[in-house]
Structure formats: C-alpha cells, structure tokens
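The following note sets out numbered points on the structure shown below. Please read each point alongside the coordinates.

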Amino acid sequence: MPIVLPESLERPPADDPDAELTPRQIVAELDKYIIGQKAAKKAVAIALRNRFRRRKLPPDLADEIAPKNILMIGPTGVGKTEISRRLAKLTCSPFLKIEASKFTEVGYVGRDVESMIRDLVRISVDMVKQEKIAEIEGKARAAVEERLLDILLPPSRPRDPAAGEAEEETRMHDTREKLRAQLRDGLLDDRTVELEVKEKTTPPLEVVSNSGVEEIGFQIQELLPGFLGGRTKRRRMKIKEARELVLEEEEKRLVDMDQVARLAVERVEQSGIIFLDEVDKIAGRESGRGPDVSREGVQRDLLPIIEGTTVNTRFGLVRTDHILFIGAGAFHVSKPSDLIPELQGRFPIRVELTPLAKDDFVRILTEPANALLHQYEALMGTEGVSVAFTADAVDEIADIAEKVNADAENIGARRLHTVVEKVMEDISFAAPDTAEKSIRIDRDYVRDHLKDILVSQDLRRFIL
C-alpha cells in the first residue's frame with residue numbers, strides 16, 4: 001500500500017541541503033577530492049540520501065526508521081576520514097571526528113562516551129550562530145555605523161541660538177552625512193574615540209574531562225560574568241578597533257541565543273555525523289588483566305549512544321536516535337566480528353577500502369581540487385617562484401611512495417606528503433632569496449634529491 005504524504009511534507013524545506021543532492025551527485029562531489037574508493041562513496045551517499053527520504057515521511061513512520069550506520073574497514077591513509085569530513089562539509093552537517101580509543105569504561109578516569117554528543121552540540125551551536133550572524137550582518141554594521149557617528153557627533157550638541165531650529169537640524173544632518181561618507185571610506189580609521197566596553201572578568205577555568213564535571217565547568221564559565229556584574233569601563237582606541245568591538249556587541253544583541261541553541265540541537269538530532277575512528281582498538285574480548293580490561297566495557301558504553309538515547313547537554317536534551325555514526329578502523333589485528341554482537345548490529349553497512357597503488361598516487365598528486373602538487377605550486381607562488389612538475393616527476397614520486405609503503409609501514413596517501421616535502425625541501429628553503437624564479441622538477445631532480453635515502457633501506461624507513 002503506497003504511503004500518502006501530508007501536503008506539508010511533500011516538499012522538503014528550502015534550506016535542506018540534502019534535498020538538492022542525489023547519490024550520484026554526492027559521489028561526483030566526493031570524486032573532486034578523493035581518488036577511488038567507489039564502494040565507500042556509494043555507501044555514504046545512500047546513507048545521506050536516506051536521511052532526506054526519512055524527513056519526507058509522516059512523523060510516526062520517520063521515527064521508526066533508524067540511520068544505517070557504516071563501518072569502514074581499511075588501512076590508514078586511504079581516505080576514510082576524508083570521505084566523512086567532505087560529506088559533512090557538503091551538507092553543512094555538524095561533524096565530529098573522535099578516536100574510540102580515547103574513551104574509557106564507566107568507573108575509570110577518562111573521557112565519558114556522552115562527551116562526544118556534547119562536543120557535537122557545541123560544534124552545531126557555533127555553526128548556527130555563524131549563520132545567524134551572517135543573516136544580520138547588514139543590520140549589525142548599520143547599527144555600528146550609527147553608534148560611531150553618535151560618538152563622533154553627539155545628537156545632543158547645543159544649538160546655535162542665532163540660527164533657527166530647522167536650520168540647525170539641517171546643518172547637523174549634513175555634517176553627520178559627511179562624517180558617514182568619511183567613515184565608510186576609512187578616512188576616520190585612525191581617529192581616536194572614547195568607548196564604553198564591558199570588562200572581561202571571567203577567570204580561566206580548567207575543566208576536568210569527566211562528563212558531569214565538564215558540564216558544570218562550562219556552566220560556571222557562562223554564569224560568572226553575570227555574578228560579577230558585567231562591569232564596563234571607558235577605553236580610548238582608534239575607530240578601526242572600536243568598529244570591531246561595537247560589531248561584536250551588536251551581533252550578541254541581535255542574535256537570539258535561545259533560538260540558536262534550539263536550532264543547533266535539532267540539527268544535531270536530524271543531521272549530525274560522528275566519525276568514530278580506531279574502532280578496531282576497542283575490538284576484542286576482555287583479557288581479565290592488563291590495560292585492555294575495559295575494551296568490552298567501552299563497547300557497551302557506546303552501544304546506547306549508537307542505538308539511540310537521550311543525552312543531557314547545557315543546550316538541552318539531545319536524542320541520538322538519528323545521528324549517523326561512521327565507524328572506521330584498519331582491523332589488522334582484530335576483525336569486525338571481534339566487536340560485541342550488539343555493536344556489530346548497529347553498523348549494518350560494511351565497506352572495505354582498498355589499499356592505494358601507484359596509479360592512485362599519480363591521480364592523488366594531480367587530479368583533486370586540492371591536489372598536493374597544486375598546493376606546493378601555490379605556496380611557492382607567494383614567493384614569486386614558479387614551480388612545475390613534469391609527468392615523469394609525478395610518476396617517480398608515486399613510484400617511490402609505493403615502494404616505501406611496501407618496505408615500511410603502509411600509511412597510504414600520507415606517504416606522498418613525506419616524499420614531496422623532501423623533494424621540495426631545498427626549494428622551500430631558498431625561495432625567498434633565489435634568483436631563479438622558474439623551476440622545473442623532473443624525474444632526475446626527484447631521484448637526485450632522494451638518492452641517498454633510497455640507497456639505504458634503514459635511512460628510507462627513518463626519513464620517509
């Protein structure tokens with residue numbers, strides 16, 4: 001029987017970022033920054049689109065549909081974190097990356113699993129606050145302009161008794177408009193004015209990372225300015241500095257933080273993404289002794305968060321039922337089946353990311369919008385030095401990276417950073433002083449700068 005959608009739910013909200021992206025479009029966007037890993041991209045694209053589909057359903061049915069959490073399996077440096085980060089950026093979703101190994105079982109000193117939800121909410125609050133500030137920016141800047149004009153030309157200046165009231169008002173208006181034009185053109189930036197500003201009297205607090213104490217610490221930090229009266233003092237400063245201070249005050253006045261907190265919590269509940277790295281480090285059964293004793297305990301603490309529970313934060317209660325969790329790990333020593341069965345069941349989608357080969361390295365160096373070689377070319381361009389990598393140089397760098405990964409620890413695409421940095425070392429050092437403003441890097445140049453390292457396997461493992 002087909003589901004009939006209520007009229008109000010037939011069209012997604014205009015500001016819903018997921019609504020404009022089909023799975024194919026999501027994969028195409030990810031392809032701009034990440035080479036290969038089609039299976040992982042396809043999995044996250046489907047998970048993201050399912051969120052949009054769920055929001056189109058009637059509320060009673062939508063609440064029943066749980067997110068399809070993903071477990072990414074693959075060695076370091078193959079794109080697990082980057083896929084998740086780009087996905088969140090693509091959809092303006094609150095995103096948090098955290099290592100599962102940072103958590104400890106209840107009863108141990110360390111991070112509580114609920115702290116990641118509180119961190120995600122704080123990230124979301126900052127995101128929504130910046131969006132609201134952008135919305136009222138024009139209004140805030142207009143208010144700043146008026147306040148600065150009031151300081152430069154107070155409205156209550158004594159009138160000239162020889163002139164009529166209307167004539168005096170016209171003269172004041174003309175003077176104010178002249179000052180406004182000069183203020184906008186920056187001609188008054190160096191003029192000194194006296195401004196009343198609030199004193200920052202909140203002392204620094206060291207917040208302990210246990211869940212309850214952590215929240216109490218943040219609340220005390222917020223309450224202290226109120227207890228201390230929010231005293232003000234007069235300061236002399238240039239208009240350029242005064243403009244920034246007054247703008248900050250106007251933004252605080254115009255942004256409704258209660259609305260920001262409400263929208264931020266809602267965004268976390270409906271669109272939040274948590275990337276849980278190093279899941280393999282907490283896999284495995286308790287050994288009964290030694291430092292691994294709480295592995296299974298951490299898994300059991302994570303379970304209710306991933307299944308869906310309510311976490312108390314300083315911005316309100318947050319339900320985790322529809323937050324998307326993306327777990328990741330190399331699983332060299334352990335395997336996904338070493339996780340407790342309940343946790344395995346909460347990651348129904350498993351994708352294996354393949355190790356990167358030489359051809360992948362060549363593409364990573366040149367194709368993405370933020371390609372590594374393009375970054376170095378841009379960096380040297382700031383010194384007036386033009387650097388060009390030939391095709392055979394790119395091929396050689398990729399070949400060396402693949403060989404070093406095979407001989408030493410395989411760290412994936414991160415190996416390219418160490419190899420290219422070593423190749424560029426002399427150029428980067430001499431760039432501000434060099435007379436040679438056009439440098440061509442070919443295969444011979446790469447080999448010449450890495451020959452000593454490549455000859456010695458021990459040195460290669462140490463340097464690259």
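1. Gln-37 counts as buried, at 8% relative accessibility; buried means under 20% relative accessible area, exposed over 50% and partly exposed in between, with a 1.4 Å probe and protein chains only. Gln-37 lies in the loop between helix 1 (23-31) and helix 2 (38-55). Its phi is near 55°, a positive value in a residue other than glycine. Most residues other than glycine have a negative phi. Helices (H or I, at least four residues) and strands (E, at least two) are DSSP runs numbered from the N terminus.

2. The model is predicted: local features need pLDDT of at least 70, side-chain atom pairs count only at pLDDT 80 or more, and totals for chains, interfaces and linings use all residues. Residues are numbered from 1 along each chain as its sequence is written, and side-chain values use heavy atoms, with hydrogens and water left out.

3. Phe-331 also has a positive phi, near 50°. This residue is placed in the loop between strand 8 (324-329) and helix 12 (341-345). At 10% relative accessibility, Phe-331 counts as buried.

4. For the protein chain as a whole, there are 18 helices and 11 strands. Of its 464 residues, 42% are buried. Contact here means heavy atoms within 4.5 Å. Among contacts between residues at least 6 apart in sequence, 78% join residues at least 24 apart.

5. The largest nonpolar core holds 58 residues, of which Met-72, Met-424 and Ile-441 touch the most other members. A nonpolar core is a set of buried Ala, Val, Leu, Ile, Met, Phe, Trp, Tyr and Cys residues joined through side-chain atoms within 4.5 Å. Helix 15 (residues 391-407) supplies the largest share of this core, seven residues. A second, separate core has 57 residues, including Val-121, Leu-179, Val-246 and Ile-340.

6. Which residues does Met-72 contact, leaving aside its neighbours within four places in sequence? The partners are Val-44, Lys-80, Ile-83, Ser-84, Ile-326, Gly-327, Ala-328, Gly-329, Val-351 and Leu-353.

7. Five strands form an open sheet in the order 2-5-8-1-9, with parallel pairing. Strand 2 (95-99) and strand 9 (349-352) are the edge strands, each pairing on one side only. From one strand to the next, the twist averages 20°; axes are lines fitted to C-alpha atoms, for helices over the stretch in contact, and angles run from 0 to 180 degrees between N-to-C directions. Two strands pair if DSSP finds at least two bridges between them. Strand 2 and strand 5 (residues 273-277) are joined in the parallel sense over five bridges, and Lys-97 stands opposite Phe-275 in strand 5.

8. A hairpin connects strand 6 to strand 7 through two residues. Strand 6 and strand 7 (residues 316-319) run antiparallel and are joined by four bridges. Thr-313 stands opposite Gly-316 in strand 7. In strand 6 (residues 310-313), Val-311 and Thr-313 make up the covered face, whereas Thr-310 and Asn-312 make up the uncovered one.

9. The charged end of Arg-86 sits over the ring of Tyr-33, 3.9 Å from its centre. The criterion is NZ of Lys or CZ of Arg within 6 Å of the ring centre and within 35 degrees of the ring normal.
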